[in-house]
Amino acid sequence: MTSPLAVYNLTKTDDAPPFLQYDGLDSFFGGEPPLSKTIGYLVVLGFGALFSVITTGIVYMDKFFGRGGATTSEQFNTAGRMIKTGLTASVIVSQWTWAATLLQSSNVAWAYGVSGPFWYASGATIQVLLFGVLAISLKKIAPSAHTVCEIVKARWGKVAHITFLIFCFLANIIVTSMLLLGGAATVEALTGVNYELASFLIPWGVILYTASGGLKATFLASYLHTVIIFGVLITMIFVVYVKVYSSDTIYDFLNDTVSYSVDECEQIFSRVCTDEDTNCGASGRVTFYDDTTYACGPVPNNNSGSYLTMLSGDGLMFGIINVVGNFGTVFVDQSYWQSAIAARPSSAARGYLLGGICWFAIPFSLATSLGLASTALQLPITAGEAGSGLVPPAVATHLLGDAGSGLVLIMLFMAIVSTGSAESIAVSSLVAYDIYREYINPEATGTQILRVSRIVIVVFGLFMGCFSLILFELGLNLGWVYLFMGVVIGSAVAPLWLMMTWSKASGTGAVIAAWGGLILAVVSWLVAASIQGGSISVDNLGTNEVMLSGNLVA
């Protein structure tokens, strides 16, 4: 085993490879976190409190000096149904920017190359654009609705109402789970704040201002979140492709990465021997390289093994899974129906179209800068770290030090609280209008509905903190849950689309389609894991081929 310097002598790149400064490290975040715990607590708690004060203040200023009026249950859950195009678009961008948008998109760039960011961004944009069609129908068919399930109840009756209420809750739980799984993992890696504690603290940044100001506060905060996210995004692109490197340099580094042989990869990912090593080479080094753990050498199932090709078998599989899953998390998520309900009739469709187009730039630009740079620079990022969404913070930390870590942490927190607040208000509306008013207290007053909405926001935040810990203990990370979401809620998409667009759609058929699709998807998912891996385990269930089978059947 020779030194990693030998690999440098074999490359055609003029600059010394960045991996040399990480010689001997078997993971990027294996050592001390780059930021202190104080900064972690300041971001998680401080930003939540700050946005609570700002948004609540704006809401109350609108109440006393504008046309907001008193906070009623209607105002709390629909924002008065008078939101204009620009704010609607910014809200769509904000609530569609999950933790996964920032983290999972770079993970697939690390794994598949440039095809990953394209499939992630395009495969999650088409749903928002198509939802603009439903937004038009919603304003015509049910202008006074509060939730999608109210429309289901009015058209198809009680059984269908309960069925799609369950699917809506599943969508909210899955989306919020991904926020907390990715957010808590990143907070822990960057600041050292305990994962379990971060899972409980992050929701409080959402609970405070959402419970206080309702949907209007969520919309106002989302505008601020979007501004900050785009600001950090532009900074990262500039640093990667202008300030530190250039597109030519990243291109050369990527070509170097796929040109390495197994022996050269073993040289790069090696360390100095210790007394405990029994397989030490003559050079005094031992390798820890594993082709399933590190991104080095040709990319499997990519044309010519290149990161810079769209002809990627695994990238295409991810793209299909991404399209199916994200149809579910848009069409079955009450938060998107709620944004359409809150918008003016003339602004609903235009807001969704504009928001979808603007959103495309976030995952694609971030993943093609930080994501591709992670493999180009050969940072010691493991598959486990990538699956937990740690590619962007790793590259940002490498490029900008503590400042990069802080910027990614702030951007991530903006994504978490913006989407988290939308999910919280969505769940509160479903409980208040589709459970409390529908089945518990049909004569509920506006004050009672408002009280229930606020209580549910707090309870849901605490529940999701506990639920994310359960997923973590089961060994599930952000990437696993992201691929899995289509299996669970994909079968409810077509019935909801037909409910709004086809007058002959049957309630019985919708219920059978939703439950039948879910059962068949889960069965095919389990069978595929058993056939491919020989047994059913978390790892076998999480492969692309197995997830693809479940998503397609759904």
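**Basis and confidence**

Residues are numbered from 1 along each chain as its sequence is written, and side-chain values use heavy atoms, with hydrogens and water left out. In this predicted model local features need pLDDT of at least 70 and side-chain atom pairs count only at pLDDT 80 or more, while totals for chains, interfaces and linings use all residues.

pLDDT is the predictor's confidence in each residue, from 0 to 100. The chain has a mean pLDDT of 86. Of its residues, 94% reach 70 or more. Over residues 10–14 pLDDT stays under 50. For that stretch the model has 9 contacts beyond four places in sequence; contact means heavy atoms within 4.5 Å. Where pLDDT is low, the predicted coordinates should not be read in detail.

**Core packing**

Two terms come first. Buried means under 20% relative accessible area, exposed over 50%, and partly exposed in between (1.4 Å probe, protein chains only). A nonpolar core is a set of buried Ala, Val, Leu, Ile, Met, Phe, Trp, Tyr and Cys residues joined through side-chain atoms within 4.5 Å.

The largest nonpolar core holds 156 residues. Trp98, Phe131, Phe164 and Tyr482 touch the most other members. Helix H9 (residues 158–191) gives this core its largest share, 18 residues. Helices (H or I, at least four residues) and strands (E, at least two) are DSSP runs, numbered from the N terminus. Another core, of 10 residues, lies apart from the largest one; Phe76, Leu215, Ala342 and Ile425 are among its members.

What does Tyr482 contact beyond its neighbours within four places in sequence? The partners of Tyr482 are Trp98, Ala100, Gln104, Tyr120, Met178, Phe318, Asn322 and Asn326.

Ala185 sits in helix H9. Ala185 counts as buried because its relative accessibility is 12%. Thr249 is 64 residues from Ala185 in sequence; their C-alpha atoms are 31 Å apart.

Ser115 lies in helix H6 (residues 115–123). With 0% relative accessibility, Ser115 is buried. Beyond four places in sequence, Ser115 contacts Thr309, Met310, Ser312 and Gly315.

**Helix H4**

H4 spans residues 85–96, 12 residues in total. From first C-alpha to last, H4 reaches 16 Å, close to the 16 Å expected at 1.5 Å a residue. The expected span is 1.5 Å times one less than the number of residues. Why is H4 largely enclosed by the rest of the structure? Because 10 of its 12 residues are buried. Among them are Thr85, Thr88, Val91, Ile92, Val93 and Trp96.

**Aromatic pairs**

The structure holds 31 aromatic pairs. Rings of Phe, Tyr and Trp (its six-membered ring) pair if their centres lie within 6.5 Å; planes under 30 degrees apart count as stacked, over 60 as edge-to-face and the rest as tilted. Two pairs are tabulated.

| Pair | Centre to centre | Angle between planes | Class |
|---|---|---|---|
| Phe118 and Trp119 | 5.5 Å | 70° | edge-to-face |
| Trp480 and Phe484 | 5.2 Å | 35° | tilted |

Phe118 is partly exposed at 30% relative accessibility. Trp119 is partly exposed too, with a relative accessible area of 23%. Trp480 is buried at 12%. Phe484 is buried at 18%. Trp480 and Phe484 are 4 residues apart in helix H20 (residues 478–489), so about one helical turn separates them.

One aromatic cluster is formed by Trp96, Trp98, Tyr112, Tyr120, Phe318, Tyr336, Trp359 and Tyr482.

**Cysteines**

A search of the whole structure finds 1 disulfide, defined as a pair of cysteine sulfur atoms within 2.5 Å. Cys265 is joined to Cys296, with S to S at 2.1 Å. The torsion about their S-S bond is about -90°, so the disulfide is left-handed. The pair links distant parts of the chain, 31 residues apart. Cys265 is in helix H12 (residues 262–268). Cys296 is in the loop between strand E2 (285–287) and helix H13 (313–331). Both Cys265 and Cys296 are buried.

Cys168 is in no disulfide. Its nearest cysteine sulfur, that of Cys149, is 3.9 Å away. Cys168 is buried at 0% relative accessibility. Cys466 is partly exposed at 39%.
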